[in-house]
Amino acid sequence: MGISYSGVVLDSDSQALIDNAFPHITMTHGHHMTITMGPLKHKKGKFDLTPLYPVGEDMILKIVATRQNTGGQVFCLVVELPEGYSTRNKFPHITYHIGEGFKAKHSNDLGKEWERKLSYPIYVRGIVTEVPH
C-alpha cells in the first residue's frame, strides 16, 4: 500500500475556522497542506524532510493570503512557514476549493499575480501525516 502524500492534516476545529472565514466559497478540500507527494523520506535518498516534519508532530500553520483564478474554480490559502521550513510544492498552501473540471494540483499553477493578502493571519493546527493510498 504506499504513501499517497505527506502533509499537515488539519484538525476539525481548524477546518471549521477556515470554512467560517470564507463563507462565500464552498470548501471542497481544505483538510491539509501538502508537504510532498509520497513519503517524507525519498526511497532513493533524493530528499529527507523528516527532520523538519516528524510524523505525528503537532504544527501551527499561518495562513497569510489567498490565491484564486479568474473564474473562481481554484481557490487556495497561502501558508507562511516558519524560517527554515519548506515544502516540495511551488508554494506552501492549503487547497480550499476546486471546481468541476479542475484538480487540486491546479492550485500550484496560481502565481503571485493571483494573490490577495489577508487583513490578518489565520492560524490553524494540524498533525504531520503520511497519508496512504
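**Pockets, sheet and helix packing in the predicted model**

Grid points are joined across faces, edges and corners, and the volume is the space filled by probe spheres set on the points. The structure is a predicted model, in which local features need pLDDT of at least 70 and side-chain atom pairs count only at pLDDT 80 or more, while totals for chains, interfaces and linings use all residues. Residues are numbered from 1 along each chain as its sequence is written, and side-chain values use heavy atoms, with hydrogens and water left out.

The lining of the largest pocket comprises 15 residues, and His32, Thr34, Met37, Ala104 and Lys105 lie nearest its centre. Strand E2 (32-37) and strand E5 (93-98) are the elements that give two or more residues to this lining. The largest contribution, 6 residues, comes from E2. Helices (H or I, at least four residues) and strands (E, at least two) are DSSP runs, numbered from the N terminus. By class, the lining has 5 nonpolar, 8 polar and 2 charged residues; Ala, Val, Leu, Ile, Met, Phe, Trp, Tyr, Cys and Pro count as nonpolar, Asp, Glu, Lys and Arg as charged, and the others, Gly among them, as polar.

The second largest pocket has a volume of about 180 Å³. Its lining includes Phe22, His24, Phe75, Trp114 and Arg116. Two or more lining residues are given by each of strand E3 (58-68) and strand E6 (115-132). The classes represented are 4 nonpolar, 3 polar and 3 charged residues.

An open sheet is formed by 6 strands in the order E2-E1-E6-E3-E4-E5, with antiparallel pairing; two strands pair if DSSP finds at least two bridges between them. E2 and E5 stand at the edges with a single partner strand each, so one side of each is left without a neighbour in the sheet. Neighbouring strands are turned by 40° against each other on average, direction ignored. Strand E1 (residues 3-10) is joined to E2 by 5 bridges, with Val8 opposite Met33 and Val9 partnered by His32. E1 also pairs with E6 over 7 bridges in the antiparallel sense, and Ile3 stands opposite Pro132 in E6.

Helix H1 (residues 12-21) lies across E1, E3, strand E4 (74-80), E5 and E6, and runs at about 150° to E6. Axes are lines fitted to C-alpha atoms, for helices over the stretch in contact (heavy atoms within 4.5 Å), and angles run from 0 to 180 degrees between N-to-C directions.

The structure holds 6 salt bridges, each defined as a side-chain nitrogen of Lys or Arg within 4 Å of a carboxyl oxygen of Asp or Glu. One of them joins Glu80 to Lys62, with the closest N and O atoms 3.3 Å apart. Glu80 lies in strand E4 and Lys62 in strand E3, so the pair ties together parts that are 18 residues apart in sequence.

Conventions: On a 1 Å grid over the protein atoms alone, a cavity is a set of points where a 1.4 Å probe fits but cannot get out, and a pocket is an open set with protein on both sides within 12 Å along at least five of seven lines; lining residues have an atom within 4 Å of a point.
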